[in-house]
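Take a look at the fold below and get your bearings.

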Amino acid sequence: MKAAPAALPSAVLFDMDGTLVDTEVLWWETAREVAAGLGHRLSDADAPEVVGRAVADTAAHLIEVTGGDASEPPGAPADRAAALARTAAELTDSFFRKVDAGAPLRPGAAALLASLEGAGVPFALVSASPRSVVDAVVAGSLAGVDFAFTLSADDTVRTKPHPDPYRAAAERFAADPAACVAVEDSPDGTASADAAGCAVLVVPSLLPVAPGRARTFARSLEEVDLGVLSDCLRRP
């Protein structure tokens, strides 16, 4: 007897940076430049607090490891909140300029998005980047892609690694998170999708991601098609 075809996902929820668009290197360059301005040389030890993290998280890490803000004039009172705000703004502005200049799609991204659109499977963008950066990428590298909607770090109270973004995306589709597949590249993004109850397809970029019960791995989006996404839902 021929096996019944696997059910398609109710929705596919794509991370942006490092998953669809090759911007993780740009984010690392941004963090390295801002860290240098604060008197810190970014190294591999900083990677877990930079790669796949929200702007606020990276800003907090840089302030923590430098103990302050190199832009403060000598003798000025320490103001952690103000230093965090300045550092976050510098990270956002610098990253936006780099992304706005153009960021290439990850291999296989265009073909996978086109196949989902052709099959009528809805998909959305779920990013931990600020709205300004998401909009710049969607208008540039991802121009013409028919996302149902996009979510940025500004659209939920908490962003990745918390489950809020993926829960919010599933709710907007009126779908059970367990019937959705999140496509991620980073440990924090994967943790976010896991915690929301989504099946996760992990295509690692700069940082390795640990195996998990609801996690399927691929080396590249070039290996991913509708069958692979459907199989993600069948993991025990």
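Where is the place of Ser-127? Ser-127 sits in the loop between strand E2 (123-126) and helix H5 (131-139); helices (H or I, at least four residues) and strands (E, at least two) are DSSP runs, numbered from the N terminus. Before going on: this is a predicted model, where local features need pLDDT of at least 70 and side-chain atom pairs count only at pLDDT 80 or more, while totals for chains, interfaces and linings use all residues. Residues are numbered from 1 along each chain as its sequence is written, and side-chain values use heavy atoms, with hydrogens and water left out.

Ser-127 counts as buried because its relative accessibility is 1%; buried means under 20% relative accessible area, exposed over 50%, partly exposed in between (1.4 Å probe, protein chains only). Leaving aside neighbours within four places in sequence, Ser-127 is in contact (heavy atoms within 4.5 Å) with residues including Asp-15, Asp-17 and Lys-160.

Now for H5 and its partner, helix H3 (residues 80-100). Their axes come within 9 Å and cross at roughly 0°, so H3 and H5 are roughly parallel (angles under 35 degrees). Here is who makes the contact:

| Helix | Residues in the contact |
|---|---|
| H3 | Thr-92, Phe-95, Phe-96, Val-99, Asp-100 |
| H5 | Ser-132, Val-133, Ala-136, Val-137 |

Finally, the largest nonpolar core has 45 residues, and Phe-14, Leu-20, Leu-201 and Leu-229 touch the most other members. Such a core is a set of buried Ala, Val, Leu, Ile, Met, Phe, Trp, Tyr and Cys residues joined through side-chain atoms within 4.5 Å. Apart from it lies another core, of 20 residues, with Val-126 and Cys-180 among them.

Note on methods
Axes are lines fitted to C-alpha atoms, for helices over the stretch in contact, and angles run from 0 to 180 degrees between N-to-C directions. Angles under 35 degrees count as roughly parallel, over 145 as roughly antiparallel, 65 to 115 as roughly perpendicular and the rest as oblique.
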